[in-house]
Amino acid sequence: EEDVEGKDDECSLQQRLHVRVVVPPAMTFPPNPPDEKPPLPSDLFGIIILGERNAGKTSIVHQFMYRSLINNNKVPASQKRLNFSAVYHKKDLTFWSSSNEVACIRVQLWDIEGFEPSLSEKSCEQLLPMLSKSRVVVLVLSLQHGLPHFLEILKMWKNWLDTLSLSDENICLFIHKCDLLPGHSNGTLDWIQFGTSIANACHQVGIHHYYFTTFKEDSIERAMMGMIRQNISKKSSSTE
């Protein structure tokens, strides 16, 4: 896209265990800007969504971008199919900036379908154009198969991401489907031990930013907005 003013461009463990660890901690954001004609986007914010198959990546994208469930019979007009099993989405996001001014950015999001680190080097190279336009890589991994499986898959994906020479600050992990974790429904899961295991695993592989998400409540919205705000705030402070 070149239609944006010429540019195409840890919290503590106790906090992470908030609400039985199935959702991120509540964030005290200011109210949304007034319902007026939004300003033109002043910046681009590229996001790539990667992760294991059936982890819920596309559902996360639709909940955040369109506030709806997936409807295979109606593809939003802003989607454009790309060559490498990816779907491109965009939307303008208006919010209060850290300086209490109404800000607007254009979110450009690539939902990568069917990609795995074991694919050929040539296939991996097809991600590079999208990576060059992205500010954050969101890795979505599911807990529905249990913690041991999650830890194994996390190491495999992070080892592959390290080959791309990405900064750890530009990688964010969404630990998804926490409510399907064995022992969650009958109350037999030790949440303190579970949270400690997650924190240790992320520390070992170099994941600094992670969120617990589920399709319940508004955890996806809070995780996405928390990630975006954190990145924008860090970028602003680094340029001052």
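**Close-up views of a predicted model**

Buried residues account for 48% of the 240 residues in the protein, which is shown here as a predicted model.

**View 1. Overall arrangement of helices and strands in the protein.** The secondary structure consists of seven helices and seven strands, and these elements follow one another along the sequence in the pattern α-β-α-β-β-β-α-α-β-α-β-α-β-α. The accessible surface of the protein amounts to about 12700 Å², and carbon and sulfur atoms contribute 49% of that surface.

**View 2. Packing of helix α5 against helix α6.** Helix α5, spanning residues 147-162, packs with helix α6, spanning residues 191-205, at an angle of about 15 degrees and with the two axes 10 Å apart. Because angles under 35 degrees count as roughly parallel, α5 is described as roughly parallel to α6. The crossing of α5 and α6 is right-handed.

**View 3. Residues in the contact of α5 with α6.** On the α5 side, the contact is formed by L147, F150, L151, L154, K155 and K158, which meet F194, S197, I198, A201, C202 and V205 of α6. Taken by residue class, the contact of α5 with α6 comprises nine nonpolar residues, one polar residue and two charged residues.

**View 4. Helix α2 and the residue that follows.** Within helix α2, which covers residues 57-66, the buried residues include K57, I60, V61 and H62, together with F64 and M65. Just after α2 comes R67, whose phi is positive, at about 50 degrees.

Note on methods
Residues are numbered from 1 along each chain as its sequence is written. This is a predicted model: local features need pLDDT of at least 70, side-chain atom pairs count only at pLDDT 80 or more; totals for chains, interfaces and linings use all residues. Side-chain values use heavy atoms; hydrogens and water are left out. Helices (H or I, at least four residues) and strands (E, at least two) are DSSP runs, numbered from the N terminus. Buried means under 20% relative accessible area, exposed over 50%, partly exposed in between (1.4 Å probe, protein chains only). Accessible areas come from the Shrake-Rupley method with a 1.4 Å probe; for residues, only the protein chains shown count as cover. Axes are lines fitted to C-alpha atoms, for helices over the stretch in contact, and angles run from 0 to 180 degrees between N-to-C directions. Angles under 35 degrees count as roughly parallel, over 145 as roughly antiparallel, 65 to 115 as roughly perpendicular and the rest as oblique. A crossing is left-handed if the near helix is turned anticlockwise from the far one by less than a right angle, and right-handed if clockwise. Contact means heavy atoms within 4.5 Å. Ala, Val, Leu, Ile, Met, Phe, Trp, Tyr, Cys and Pro count as nonpolar, Asp, Glu, Lys and Arg as charged, and the others, Gly among them, as polar.
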